[in-house]
Amino acid sequence: MSKKGFIFDLDGVIVDTAKYHFLAWQQLAKNLDINFTEEENEQLKGVSRVRSLEKILAWGNKTISQDLFDKLMGEKNEEYLSYIAEMDESEILPDVPKVLSFLKDNKQPISLGSASKNARTILERVNLKSSFNAIVDGNDVTKAKPDPEVFLIAAKQIDMKPEDCIVFEDSVAGVEAANTANMISIGIGSKSVLGHADYVFNDFTEISEDFIKSLIEK
Ligand code: BG6
Ligand code: MG
């Protein structure tokens with residue numbers, strides 16, 4: 001069988017942590033008297049912590065000092081980590097282990113490509129760290145999605161050319177990053193949000209082994 005590089009985003013693709021980011025940002029925004037909608041929240045998915053807070057402040061027309069900015073980022077992360085501390089394998093999204101095993105059995109290289117600085121902690125909590133041949137996360141990049149940097153590094157670490165990589169992403173910014181990297185983008189979520197992806201599925205239960213095989217042979 002030929003080889004493709006499979007790159008997975010983490011939050012909202014492998015585990016349902018997107019809801020925890022949302023809860024933590026919402027709490028913070030409420031304290032600042034800022035309201036943001038679910039639709040605006042889509043713009044926070046895949047986006048770095050710094051960029052997320054900048055966006056929320058812009059929605060609320062607020063400017064704050066650098067010291068307060070740093071303090072709020074720390075508070076958001078602590079709140080987020082308190083949710084993560086309770087996580088276990090039950091929060092792995094449906095059929096993700098099945099797809100990872102199928103790829104492993106077929107000797108396809110697998111990499112993580114996440115914006116999160118908490119990615120390794122989360123993978124350890126849900127016992128999936130050993131499923132990845134490489135892990136690239138928010139600690140390894142200088143440019144946030146939609147910049148393709150995270151996926152380009154992920155491809156390099158598994159010795160694959162970008163055009164031979166397939167990216168699973170739940171965020172608008174992440175699909176854009178995959179497309180810019182010249183990779184095949186697979187959106188996990190709704191077509192109305194991720195219409196710019198090459199393929200879109202609601203979740204991994206809709207992704208058949210035949211479909212994955214067809215990507216490998218492409
Ligand atoms: C992405 C999430 O995976 O990671 C974003 O989709 C989040 O919502 C970003 O802001 C950074 O994560 P963290 O854990 O470093 O704050
Ligand atoms: Mg995501």
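1. In this note, Ala, Val, Leu, Ile, Met, Phe, Trp, Tyr, Cys and Pro count as nonpolar, Asp, Glu, Lys and Arg as charged, and the others, Gly among them, as polar. The model is predicted: local features need pLDDT of at least 70, side-chain atom pairs count only at pLDDT 80 or more, and totals for chains, interfaces and linings use all residues. Residues are numbered from 1 along each chain as its sequence is written, and side-chain values use heavy atoms, with hydrogens and water left out.

2. The largest pocket has a volume of about 520 Å³. A pocket here is an open set of points on a 1 Å grid over the protein atoms alone, where a 1.4 Å probe fits, with protein on both sides within 12 Å along at least five of seven lines; lining residues have an atom within 4 Å of a point. A volume is the space filled by probe spheres set on the points, which are joined across faces, edges and corners.

3. Its lining has 33 residues, with V47, S48, R49, A115 and S116 nearest the centre. Helices α1 (18–31), α3 (49–59) and α4 (66–84) each give two or more residues; helices are DSSP runs (H or I, at least four residues), numbered from the N terminus. By class, 12 are nonpolar, 12 polar and nine charged.

4. Where does the largest pocket lie? Domain 1 (5–15 + 89–217) and domain 2 (18–84) both line the largest pocket, so it lies between them. The domain bounds come from an automatic or database assignment.

5. The second largest pocket has a volume of about 280 Å³. Among its 17 lining residues, G12, K45, D170, I188 and G189 are closest to the centre. The lining splits into eight nonpolar, four polar and five charged residues.

Methods: Chains are lettered from A and ligands numbered from 1 in the order in which they are written.
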